[in-house]
Structures are given as structure tokens and as C-alpha cells.
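This briefing walks through a structure with its sequence alongside, moving from the ligand surroundings to the nonpolar cores and then to a pair of residues within them.

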Amino acid sequence: MNSHWILLFCCWLAKVNGNMFQDQLGTFSEIFHFLTDQIWDSEFELADFIKKGANPLDAWSFSSLQDSTRNWYCSVHGCCESTDCRLINNITGLDHDLGTKLHGQHLAKEVVVKAVKGFLATPQPQKALALSFHGWSGTGKKFVARMIADNLYRDGLRSECVHLYIAPFHFPYADLVDKYKALLLQRILAAVQHCDRSLFIFDEAEKLHQGLIDAIKPYIDHYDNVDGVDFRKSMFIFLSNVGGHSISRMTLDFWRAGRNREEITMEDLEHRIQREATTSEGGFTQSVLVAENLIDFFIPFLPLEYKHVKLCARDALRSRGINYKVDILDEVARGMSYVPKSEKLFSAQGCKSVSQRVNFFLP
Ligand SMILES: *[C@@H]1O[C@H](CO)[C@@H](O)[C@H](O)[C@H]1NC(C)=O
């Protein structure tokens with residue numbers, strides 16, 4: 001065989017490997033996409049789906065192929081190393097999405113845009129941006145994380161710059177924590193070398209094992225570089241239900257006092273969340289990230305009310321182009337369960353699965 005054929009063969013092999021890698025990598029984000037495309041977040045469905053099907057260690061197995069296949073891939077498709085066409089940084093779009101698609105979260109809406117906008121406008125940030133989203137499930141944490149990915153990266157969650165870790169799925173076994181640490185460090189290092197404006201999302205962060213997240217502290221801290229790599233342009237987002245209790249308590253207090261929930265301020269909540277975070281159990285809350293104030297913003301997601309559930313139902317129907325009668329929105333909202341027992345004010349599941357529920361009410 002002459003060298004020409006060998007070269008062709010290598011290209012073919014690289015392509016096959018590359019596709020396998022992409023498939024593997026695609027699995028999670030696609031499932032995530034599929035479920036969250038339907039308007040609101042679907043944390044449980046996602047976790048169940050993944051837990052059933054996949055072997056967690058597979059999630060890691062193709063990482064070593066990344067570099068070689070990437071070089072080949074870029075030589076063919078162009079990876080825009082200089083101008084970085086992987087980034088779109090559409091703050092207007094983010095602002096618009098938060099303003100129109102997210103309901104009942106005035107604080108998240110305001111703080112997320114400000115934080116992200118300010119961070120992206122800084123050419124040389126002092127440290128990586130670390131945001132922590134707090135609240136009950138179904139309040140929109142994952143929904144907002146996805147909006148950020150969609151508006152900052154051309155390929156959204158599928159982007160090679162965006163990395164999603166679901167704590168109980170990627171890191172299931174407590175006794176493998178040292179192994180996970182090494183893998184996580186290696187993955188994040190490789191990711192940032194590859195794309196300095198990387199976004200890392202840690203879902204169900206309350207389930208991270210003790211000590212795991214401490215390993216990435218140097219990447220979030222104020223260092224010029226760690227092992228020759230500058231991490232300060234990357235973003236970390238942690239999603240958890242920690243602090244959900246304080247948030248609901250305060251929202252309920254406002255309601256009982258006859259005050260508007262939009263009057264709740266960051267000052268009212270941020271310290272409470274922080275306090276609840278530092279006193280509760282778990283690998284995220286007990287991490288040095290929280291203890292050493294490396295989280296830039298603790299962002300509360302308030303529990304949702306009947307009227308918000310109706311808006312979610314409306315969005316779900318609109319996005320499918322369905323003509324609906326307004327009664328249906330009430331029917332969907334009535335189908336959810338509400339807490340606390342006395343007031344029945346907040347939807348226990350937030351807007352979760354509302355987009356699936358509307359199906360039952362369609363003629
Ligand atoms: C940013 O998002 C807005 C709203 O979604 C959209 O109209 C606009 O075309 C986007 N701009 C870019 C540069 O992608």
C-alpha cells in the first residue's frame with residue numbers, strides 16, 4: 001500500500017472515531033435537549049432516563065480520542081480558532097428569552113443577565129464566573145442554564161464549549177470519588193485548553209460527593225494560570241435545591257403580609273441561601289467554593305404559583321402552534337398539586353412536566 005492510501009485510511013478511521021465520540025457526547029445533551037425543548041425543565045425525567053439506559057463510565061470513555069480527531073475534524077471543517085465562531089454571546093437574545101419565557105423569577109431574570117453581561121464585557125476577568133442556582137425543582141433552573149448555553153454558544157448545549165455534568169449520573173459511586181476527581185480535572189483542563197470561554201453546568205449539585213468539587217477550586221479561583229492554562233474566562237453554573245426551604249418561606253411570608261413577590265430583593269434572600277447552604281449536608285454546600293466565597297452569585301428561583309403554571313401551559317401550547325381555549329390553561333393548572341396545605345399557594349412541581357400534561361387536555 002502506498003502512503004496515499006494509508007493516509008486516506010487514517011482519515012476514515014479518524015472520522016469513524018470522531019462520529020462515535022460525537023454520538024457518545026451527544027447522548028446526554030440530546031436527551032437533555034429533547035426533554036427541555038419542551039418549554040420547561042424536566043429534571044426527574046432526564047435523570048430517570050439516563051439512569052436506566054447508560055453505563056456511567058461510558059460517559060468518560062471517549063475523552064482521549066478528542067484531541068486527535070479534533071485536529072482532523074478542524075482541518076476539514078474549520079474550527080475558527082482565531083475568531084471563535086463557536087461563540088455568539090447574544091446578550092440581547094438572553095435578555096429577551098428570560099423576559100418572555102421565564103415566569104415568576106424576577107430575581108433570576110435580573111441577576112443572570114447582569115452577571116453574564118458584565119462577565120463577557122470584561123476582556124480579562126479576575127476569576128471564572130461561578131453562579132449557583134437555587135430552588136425547588138420545576139422552577140426553571142435548568143431552563144435558564146439552557147437559555148444561557150443557547151444564547152452564548154452557536155450550538156447551544158451541543159457546543160463543544162459547553163459541558164453538562166449531572167451529579168448522580170456522572171459521579172454515582174462515593175467510593176470512586178478520587179477517580180472522578182482526576183477525570184473531572186482532566187476533562188475541565190482539556191475543555192478550557194480547547195475553548196477558553198467554556199461553560200460547565202453541574203446539575204443536581206446537592207448530590208455531589210464530599211470533596212469532589214473542591215478539586216476544581218483552583219480553576220475557579222483568582223489565579224492567572226493553573227498548569228499554564230488560564231481558566232478565568234470560563235463559567236461554572238451549579239444547580240441545586242439547596243436553600244429551597246428559605247426561598248419558599250420568604251415568598252410565603254411576603255404573600256401572607258399582602259406584599260407583592262416582586263418586592264423580594266436579592267438582599268432578602270442571598271444571605272439566607274448562603275447560610276442554608278453552609279449549614280446543610282452535601283458535597284456542594286460543604287465545598288470550599290461556598291466556604292471561601294468563590295461563588296459570585298447565589299441566585300434564588302422562587303416557587304411558582306397557579307398563574308405561573310398557566311403561563312407555562314400557554315407557552316407549551318403556543319410553541320406547538322396549537323389553537324387553544326383559555327379554559328384549558330386553568331384545567332392544566334388545576335391538575336397540579338399545591339403547597340402548603342393551608343394556603344395551597346405554590347405548585348409543588350413548579351412548571352415541571354406541564355408541557356407533557358397539556359396533552360391530556362387537548363381535544
Ligand atoms: C440574538 O437574539 C435575538 C433574539 O432571540 C435575535 O433576534 C437576534 O438575531 C440574535 N442575534 C444574533 C447575533 O444572533
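How do the residues of the shell around the ligand divide into nonpolar, polar and charged? In this predicted model, the shell holds one nonpolar residue and four polar residues, with no charged residue among its members.

**Ligand surroundings**
- The residues found around the ligand are Ile88, Asn90, Thr92, Gly93 and His96.

**Nonpolar cores**
- The largest nonpolar core comprises 65 residues, and within it Val144, Phe202 and Ile237 are the ones that touch the most other members.
- Helix H7, which spans residues 141–152, supplies the largest share of this core with seven residues.
- Another core, of 14 residues, lies apart from the largest one, and its members include Val309, Ala316, Phe346 and Val354.
- As a general background, nonpolar side chains in soluble globular proteins tend to be buried together.

**Phe202 and Tyr165**
- When neighbours within four places in sequence are left aside, Phe202 is in contact with Tyr165, Ala167, Leu208, Phe238 and Leu239.
- Tyr165, which lies in strand S2 (residues 162–166), counts as buried because it has 21 C-beta neighbours inside 10 Å, where 20 or more are required.
- Although Tyr165 and Phe202 are 37 residues apart in sequence, their C-alpha atoms are 4.8 Å apart in space.
- With neighbours within four places in sequence again left aside, the contacts of Tyr165 are His170, Ile201, Phe202 and Asp203.

Terms used:
Residues numbered from 1 in each chain as written. Predicted model: local features only at pLDDT ≥ 70, side-chain atom pairs only at ≥ 80, totals over all residues. Near = placed C-beta within 6 Å. Nonpolar A, V, L, I, M, F, W, Y, C, P; charged D, E, K, R; others polar. Core = buried A, V, L, I, M, F, W, Y, C linked by C-beta atoms within 7 Å. Buried ≥ 20, exposed ≤ 12 C-beta atoms within 10 Å, placed from the backbone. Helix = DSSP H or I, 4+ residues; strand = E, 2+ residues; numbered from the N terminus. Contact = placed C-beta atoms within 7 Å.
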